[in-house]
Amino acid sequence: MTSVYDGARIAAGYAFDRPAVHERILLPLAAAPRAECALDVGCGAGRSTAALAPYARTVVGLEPIASMLAHRSAVAPAAEFVVGEAERLPFARGSFDLVTAAGSLNYVDLDLFLPEAARVLTDGGRLYVYDFSEGRHAVGTDSLAGWFAAFEHHFPWPPGYRPLAPAALPWGEHGLRLVRCADTEVALELTGAQYLRYVLSEVNVNAALARGGSADEVVRWCTETLAPVFGSGSLRVRFCGYLAEAVRIAR
Ligand SMILES: C[S@@+](CC[C@H](N)C(=O)[O-])C[C@H]1O[C@@H](n2cnc3c(N)ncnc32)[C@H](O)[C@@H]1O
């Protein structure tokens with residue numbers, strides 16, 4: 001499988017350089033009883049899997065790109081991981097009372113995934129689909145948005161990502177009922193150095209390097225252009241997204 005997510009560099013970036021947003025988006029899960037067994041579909045390096053620890057006794061991360069799992073023991077030491085695809089979940093019917101997908105369904109055939117999610121969920125089990133944007137805006141200033149526009153112009157996004165509108169998905173056709181779909185926003189105080197590490201983990205940077213670009217050149221461009229945006233201080237960077245919750249209707 002050829003994927004922009006295949007490689008040691010992006011695996012390390014996703015493991016260690018991404019901001020702690022998942023934990024904040026998932027806070028509403030605390031209102032429900034703790035699950036027995038949770039599955040995180042398209043788990044990447046395992047950050048979204050680690051964020052499930054408070055909400056389930058057993059947590060499994062599923063990811064099609066084996067190299068993305070290189071740092072799984074450091075990222076989510078208590079979780080299990082399986083190499084596999086959302087469209088063909090390698091689990092028995094009713095295996096999980098909690099299934100999540102964080103930023104992964106944009107790459108998935110939803111006509112295949114939704115029935116698979118419904119199959120592996122227990123009756124009454126919950127499916128959470130969520131995502132968050134790049135950190136392209138900061139509180140109280142337009143300068144980061146201007147920088148981000150230049151960044152994505154300089155390093156274009158790779159193909160393959162499809163926008164997703166959770167409220168419009170055919171949940172009911174697959175034995176699922178949408179019970180919540182809300183916008184989310186997480187604002188994190190980041191220094192220029194932290195923000196630099198984070199943007200270097202974005203897939204457009206990886207795509208530029210895959211086309212033969214030089215890592216030193218990318219780092220130099222980002223460092224020099226970010227310097228006037230952050231100065232020696234920090235910014236509250238906004239990560240905007242959504243959280244959708246669907247319930248498995250009793251069979
Ligand atoms: C934006 S990353 C999100 C990773 C992780 N969930 C997180 O939030 O850090 C998208 C992930 O979806 C995975 N993915 C792509 N196609 C997939 C598929 N057919 N089934 C499951 N995961 C897939 C990619 O390999 C990648 O790791």
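This section describes the fold, strand pairing, helices and ligand surroundings of a predicted model.

The secondary structure of the protein comprises nine helices and eight strands. Its radius of gyration is 18 Å, close to the 18 Å that the globule rule gives for 251 residues, so the protein is as compact as a globular protein of that length. The C-alpha trace spans about 55 × 40 × 35 Å along its principal axes. Of the 251 residues, 39% count as buried. Contacts between residues at least 6 apart in sequence were also examined; 76% of these join residues at least 24 apart.

With strand β1 (residues 35-41), β4 pairs in the parallel sense over four bridges, and aspartate 40 has threonine 100 of β4 as its bridge partner. Six bridges connect β4 to β5, and these two strands likewise run parallel. Within this second pairing, phenylalanine 96 is bridged to leucine 121 of β5, while alanine 102 stands opposite tyrosine 130 in β5. Seven of the seven residues of β4 are buried, so this strand is largely enclosed by the rest of the structure. For β5, nine of the 12 residues are buried, so β5 is also largely enclosed by the rest of the structure.

Strand β5 (residues 121-132) pairs in turn with strand β8 (residues 234-248), in the antiparallel sense and over seven bridges. In this pairing, tyrosine 128 finds its bridge partner in glutamate 245 of β8. Strand β8 also takes part in an antiparallel pairing with strand β6 (residues 137-138), to which two bridges join it; here the bridge partner of alanine 138 is valine 237. A further antiparallel pairing, over 15 bridges, links β8 to strand β7 (residues 176-191). Leucine 176 of this pairing is bridged to arginine 248 in β8. In a regular strand, side chains alternate between the two faces of the sheet.

Among the helices, α1 (residues 8-16) has as its buried residues Ile10, Ala11, Gly13, Tyr14 and Ala15. The elements that cover these buried residues include α3 (47-50), α4 (72-75), α7 (192-200) and α8 (203-210). An α-helix has 3.6 residues a turn, so residues three or four places apart point the same way. Helix α9 (residues 215-230) was examined for its length. At 1.5 Å a residue, its 16 residues should span 22 Å, and the end C-alpha atoms are 22 Å apart, which agrees. Just after α9, glycine 231 adopts a positive phi of about 60 degrees.

Tyrosine 198 is found in helix α7. With 19 C-beta neighbours inside 10 Å, tyrosine 198 counts as partly exposed, because a residue is classed as buried at 20 or more such neighbours. When neighbours within four places in sequence are left aside, tyrosine 198 is in contact with Asp17, Arg18, Pro19 and Gly135. The C-alpha atoms of tyrosine 198 and aspartate 17 are separated by 5.1 Å, although the two residues are 181 residues apart along the chain.

Alanine 32 lies in the loop between α2 (22-25) and β1. This alanine 32 has 12 C-beta neighbours inside 10 Å and therefore counts as exposed, the limit for that class being 12 or fewer. Alanine 32 and arginine 197 are 165 residues apart in sequence, and their C-alpha atoms are 35 Å apart in space.

Of the 21 residues around the ligand, Gly42, Gly44, Ala86, Ser104 and Tyr107 come nearest. By class, this shell consists of 11 nonpolar, six polar and four charged residues.

Conventions. Residues are numbered from 1 along each chain as its sequence is written. This is a predicted model: local features need pLDDT of at least 70, side-chain atom pairs count only at pLDDT 80 or more; totals for chains, interfaces and linings use all residues. Two strands pair if DSSP finds at least two bridges between them. A residue is near a molecule or strand if its C-beta atom, placed from the backbone, lies within 6 Å of it. Ala, Val, Leu, Ile, Met, Phe, Trp, Tyr, Cys and Pro count as nonpolar, Asp, Glu, Lys and Arg as charged, and the others, Gly among them, as polar. Two residues are in contact if their C-beta atoms, placed from the backbone, lie within 7 Å. The radius of gyration is taken over C-alpha atoms; the globule rule is 2.2 Å times the number of residues to the power 0.38. The expected span of a helix is 1.5 Å times one less than its number of residues.
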